[in-house]
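Please open the structure in your viewer and keep the selection panel at hand.

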Amino acid sequence: MKSTGKPEPTVTIDTSGYAVATEEIRSEAKRLLLEKIVDAVVGYQSGRRKGSAVPVIITDPAQAEQLVFSPACVNNLSIYLTKAKKEIRAKGKLAVVAKGCDLRALAGLMGESQFKREEVVIIGVTCAGVHSAGVQPNEPLTSATIAKKCRECSVHIPEGADLIVGKLPLLPDLTPTEKELLEKLDAMTPGERWEYWKEQFTRCIRCLACRQVCPFCYCEQCLCDRGRPQAVDTSPRPSGNMGWHIVRAMHLAGRCSGCAECERVCPMDIPLNLLNRKMAQELKELYQYEAGLTPQEKGPLTSYDEKDDQSFIK
Amino acid sequence: MAKVITEENLRSLIDLLIKAGKRVIGPKRAGEMTIYEPLASGSELTPGTLPRRSAKEAFFPLSETILSFQKDRDGLKVDDVDTASFPETVLVGALPCDAAAPQVMDAVFSWDYKDEFYLERRRRTTIIGLSCTSADDSCFCTLVGLSPTDTKGSDLFLTPLAGGGYSCEAVTDRGEQLLAGYPELFTEAATVTPIPAAQPEGAPVDLAKVKVWLEEHFEDEIWEEVANRCVGCGACAFLCPACHCFDIVDEGTEQKGSRRKNWDACAFSKFTNHASGHNPRDVQNKRYRNRFMHKFKYYDDKFGKTLCTGCGRCIRYCPVGIDIKGILEEIGKKSLSTKDTKGHEANHHG
């Protein structure tokens with residue numbers, strides 16, 4: 001399904017502030033490690049492929065010079081702070097480089113008591129956007145190569161970090177392609193929508209990359225891995241695939257912070273973030289709630305209020 | 001003289017094969033990507049770009065029934081799968097990194113236990129390979145002893161020509177038979193000008209030396225360095241043309257169901273989890289070490305083959321940019337300067 005918007009002329013996005021961010025991340029990481037304020041820093045470093053950036057966990061101040069920030073810094077590094085990554089947490093107190101979208105995940109995780117604010121140092125990066133999936137990492141950031149989520153970003157400057165690095169340029173207006181897709185789905189009949197998702201999920205190969213990169217999929221025993229009793233068929237076939245993706249969407253409702261990592265990493269191009277956004281939209285309508293805005297909030301599906309809407313009970 | 005087939009005749013060949021009752025699998029457009037899938041007609045063939053998933057599914061589907069069961073008043077009835085019903089298949093347009101992989105996997109599927117599901121499909125499949133004309137920075141077939149023009153694994157091998165069409169080389173008797181079966185589709189040409197083959201960056205790695213290095217560096221800081229960031233998904237294994245681990249599951253109800261063979265991945269934390277709860281590969285970097293060791297040491301130990309064809313899919317689609325080409329190059333360099341203190345030279349076979 002393509003966006004309904006008219007093709008826009010390609011606009012280059014000014015990423016000169018990323019070099020500033022890189023310098024500031026390096027000096028801050030070095031200071032934090034030298035002064036033993038933290039034991040490890042979770043950030044990005046350059047990969048072998050030209051222009052690429054990959055997650056890295058450094059413990060030596062000398063390694064701080066390897067850290068970078070660029071449009072290839074697509075990963076949400078908050079996953080390395082969850083209990084799914086015990087070996088990283090075992091290193092001691094952590095600092096983490098976080099874009100605005102990533103920081104919303106950190107806020108959500110704190111809300112779920114996964115760690116306390118004082119246990120982590122957050123280096124917030126001002127961000128004009130990162131690459132879309134499948135873009136060669138050395139390509140410049142333009143309206144054609146930018147991730148869909150960045151087109152509608154409202155957190156270019158992270159909130160709630162210990163310090164903010166980088167410099168925000170003038171940002172071009174970009175059409176919200178994902179919002180348009182969502183509207184197109186909303187306009188479908190339930191039958192058409194069912195067919196649409198059935199077709200998408202048929203492609204799923206159950207590599208579980210969507211689960212493994214999700215900051216909120218930190219369960220030590222995933223319900224969908226259970227064999228006795230088995231909740232969801234593990235075979236990559238339509239019924240089990242549908243089951244898995246519905247469970248995933250429901251478990252993330254009111255928790256997903258919109259980093260869209262699940263969609264970025266899907267090797268089968270399933271537009272998973274559309275589901276996440278739909279859930280978020282419902283939560284906003286029903287409970288006036290948005291996930292990840294402030295760190296210490298409890299989600300509407302994990303708390304109870306007598307005034308909650310109960311019209312669904314029939 | 002070279003045998004030549006036009007693009008149009010290649011598509012006609014596919015149509016004729018389908019008409020003759022064969023299942024023809026080839027690269028087919030699916031949204032923004034191409035996938036090896038059964039073709040409904042020759043017009044669907046989309047050759048040249050590396051499909052998102054490998055061609056191993058032609059022999060080793062991502063999920064298949066190996067038996068089905070039913071329980072009623074008369075008792076339990078178990079039905080085996082009749083492998084004789086598997087369709088005669090032609091895999092067309094497999095790039096060298098995909099065409100070469102089944103030969104590598106044959107060893108493990110016909111080792112102590114003969115996997116009839118895999119082997120029967122192999123027996124019934126003819127592979128038409130296709131020379132590769134474009135490489136990106138994740139490609140590394142030349143590092144692991146293959147090349148963009150390697151005919152290994154193909155029965156018939158096509159090389160795209162500058163003026164359109166393909167020159168055809170019969171690699172096996174099966175390939176000869178295919179040529180002989182449809183003589184009207186092929187012409188003879190005195191000279192042909194192939195489109196230049198792809199040139200993946202990077203120098204070949206001495207895999208024998210890499211193996212020696214791996215033997216001596218099971219415990220090494222490199223595994224933490226390269227794989228602490230691994231998130232434990234199966235994207236690498238599931239896109240790989242040579243990864244072949246599978247899981248057997250029973251699905252259905254007590255009354256009716258099937259036993260299935262599904263792809264599995266060594267990056268999954270459950271992969272080596274024991275019933276006791278103990279997991280010998282307790283953290284992610286140990287799981288990645290296993291993947292690398294299996295490809296460049298264990299498989300060679302057992303079968304004398306490298307379990308990697310350098311397609312680069314695991315690099316392109318790793319969520320956290322784990323780069324097997326970079327790691328292989330790094331270990332390749334380290335292995336040159338390592339003194340072989342344990343005298344392993346005599347043990348390995350290039």
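**First stop: a helix of chain B**

Select residues 284-303 of chain B, which form helix H9, a run of 20 residues that spans 27 Å from its first C-alpha to its last, close to the 28 Å expected at 1.5 Å a residue. Helices here are DSSP runs of H or I with at least four residues, strands are runs of E with at least two, and both are numbered from the N terminus. The expected span is 1.5 Å times one less than the number of residues.

The model is a predicted one, in which local features need pLDDT of at least 70 and side-chain atom pairs count only at pLDDT 80 or more, while totals for chains, interfaces and linings use all residues. Residues are numbered from 1 along each chain as its sequence is written, and chains are lettered from A and ligands numbered from 1 in the order in which they are written.

Centre the view on B:His294, where H9(B) has a kink of about 60 degrees; the bend is the angle between axes fitted to the seven residues ending at a residue and the seven starting there. Just after H9(B), select B:Gly304, whose phi is positive, at about 70 degrees.

**Second stop: a sheet of chain B**

Next, display the open sheet of four strands in chain B, ordered S5-S4-S12-S11 with antiparallel pairing. Two strands count as paired if DSSP finds at least two bridges between them. Strands S5 (75-80) and S11 (246-252) of chain B lie at the edges, each pairing on one side only. From one strand to the next, the twist averages 20 degrees, an angle between N-to-C directions, on a scale from 0 to 180 degrees, of lines fitted to C-alpha atoms.

Now select residues 63-72 of chain B: this is strand S4, joined to S5(B) in the antiparallel sense over six bridges. Within the pair, B:Phe69 has B:Val78 of S5(B) as its bridge partner.
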